[in-house]
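Take a look at the sequence and the fold, then work through each task before you read its solution.

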Amino acid sequence: MSTRQARWTPRPPRSVTDDEAYAMLRRHAGHSSAFLALNAGNHRFRAAGIDGFVPYREGGRRHLFPLGGPVCAASDRERLLTALLARAASDGRRVTAVQLSRAAAELHARHGFTVNQFGASFSIHLDGYGLGGQRMVKVRNMVNRARREGVTVTEVTAAERDSPIVTAALDAVDRAWLRHKGRHVKELNFLIGERGGPGAPHRRLFTARHAGRTVAYVSYSPVFGERAGWLYDLTRRRPEAPPGTVELVFATALRRFQDEDCAWLHLGFTPFVQLRPDSCDFGPTSGALRRCLELVAAKGRAIYPAATQESFKLKWRPQQIEPEYLAFQGGVTPGAVWRLMRLTKAV
């Protein structure tokens, strides 16, 4: 096998351990989904002399997919991205960056990337936030319905999380959810949270029980930076769980975070939604890709149930909705798009 065909692994001084990556996220991360860098299956590129890394995955032999942009001090982002691009070029790799904030998208545009909006992230500022008022009546009704049905919500402690009883209950929820999901409805890989992996010790897990068994769970990941708080990142629910179960879990966790003086609850990224024609006014963009994304948004439920996810997030009345971007090195190509769809299991 030639050098260009070999698996792409970092050459910098040494790899970033899980503990080091977590510490770097605490020091430098600002993106609400930055913690996903710790997901199992991600690699970490590191450059000499820079306190930081770039999380990425491979897509075949010729594509790299960084997630969220460089995790480092703002003054080092240009240098770290330049180092990543140089390394990719030396190995014959093409870079497509995924789920970028506007600032990270502008950085990539300055390096010649073609940038398109991919979707949006949603966030709730918890100071003064509540479920009162006419606008939240539907949410309150769902929460109260689950309570009347006897659903109870508990936060699982770190000591309990790895117990065989809890693990078996969560695995059963996963199996029921997968059976019910159906063969046409997919959930993105790579861009969502996970139950295990290197980040598991830092997440918080809330479970819902009904009629003596666990019927749903929601995990939350830490968010650092100016809008520090928690990220709603993974939900699983048995199909027979009473209506309002997930809403009750969410409302319970939200109140817990408020009691802890947490400032933000982030609802995470949803692709193909909130697409705006003026969102890429800072660099080159692809009209063809924009039209494809708009088509998926309008007709693509078989690819991804974006409208359902967006509806759930909007009903909590998030105060902050921000665009997130894709950035293609050297322009959008069918190969890069196909590899990204395969990587995320959209196809």
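How many salt bridges does the structure hold? The structure holds 22 salt bridges. Keep in mind that this is a predicted model. The exercises below begin with some of these bridges.

**Exercise 1. Find where arginine 203 and aspartate 233 sit in the chain, and decide whether they are buried or exposed.**

Step 1: Start with the contact. The side chains of arginine 203 and aspartate 233 form a salt bridge, with 3.8 Å from N to O.

Step 2: Arginine 203 belongs to the loop between helix H6 (164-181) and strand S7 (204-210), while aspartate 233 is part of strand S9 (residues 229-237). The two are 30 residues apart, and the pair links distant parts of the chain.

Step 3: Check the surroundings. Arginine 203 is buried, and aspartate 233 is buried too.

**Exercise 2. Work out which parts of the chain are tied together by glutamate 240 and arginine 213.**

Step 1: The side chains of glutamate 240 and arginine 213 meet in a salt bridge of 2.5 Å, N to O.

Step 2: Glutamate 240 lies in the loop between S9 and helix H7 (245-259), and arginine 213 lies in strand S8 (residues 213-223), so the bridge ties together parts that are 27 residues apart in sequence.

**Exercise 3. Describe the salt bridge between glutamate 247 and lysine 315, and classify each partner as buried, partly exposed or exposed.**

Step 1: Glutamate 247 and lysine 315 meet through their side chains in a salt bridge (2.5 Å, N to O).

Step 2: Glutamate 247 is in helix H7, and lysine 315 is in the loop between helix H9 (306-314) and strand S11 (320-329). These partners are 68 residues apart, and they link distant parts of the chain.

Step 3: Recall that buried means under 20% relative accessible area. Glutamate 247 has 8% relative accessibility, so it counts as buried. Lysine 315 has a relative accessible area of 27%, so it is partly exposed.

**Exercise 4. Explain why the buried residues of helix H1 lie on the same side.**

Step 1: List the buried residues. In helix H1 (residues 18-28) they are Ala21, Tyr22, Met24, Leu25 and His28.

Step 2: Look at their directions. These residues lie on the same side of H1 because they cover an arc of only 160° around the axis.

Step 3: An α-helix has 3.6 residues a turn, so residues three or four places apart point the same way.

Step 4: Turn to the other face. The exposed residues Asp19 and Arg26 are carried on the face of H1 turned away from its buried side.

Step 5: Methionine 24 lies in helix H1, and it counts as buried because its relative accessibility is 2%.

**Exercise 5. Find which residues gather in a patch of positive charge on the surface.**

Step 1: The patch brings together Arg61, Arg62, Arg339 and Arg342.

Step 2: Pick one member. Arginine 62 is found in the loop between strand S2 (54-59) and strand S3 (63-66).

Step 3: Exposed means over 50% relative accessible area. Arginine 62 reaches 53% relative accessibility, so it counts as exposed.

Definitions and conventions:
Residues numbered from 1 in each chain as written. Predicted model: local features only at pLDDT ≥ 70, side-chain atom pairs only at ≥ 80, totals over all residues. Heavy atoms only, no water. Patch = residues over 30% accessible without salt bridge, like charges linked within 9 Å, V, L, I, M, F, W, Y side chains within 5 Å. Areas by Shrake-Rupley, 256 points an atom, 1.4 Å probe, with all protein chains shown as cover. Salt bridge = Lys/Arg side-chain N within 4 Å of Asp/Glu carboxyl O. Lys, Arg positive; Asp, Glu negative; His and termini not counted. Charge placed at Lys NZ, Arg CZ, Asp CG, Glu CD. Helix = DSSP H or I, 4+ residues; strand = E, 2+ residues; numbered from the N terminus. Buried < 20%, exposed > 50% of the residue type's maximum accessible area, 1.4 Å probe, protein only. Arc of directions from axis to C-beta.
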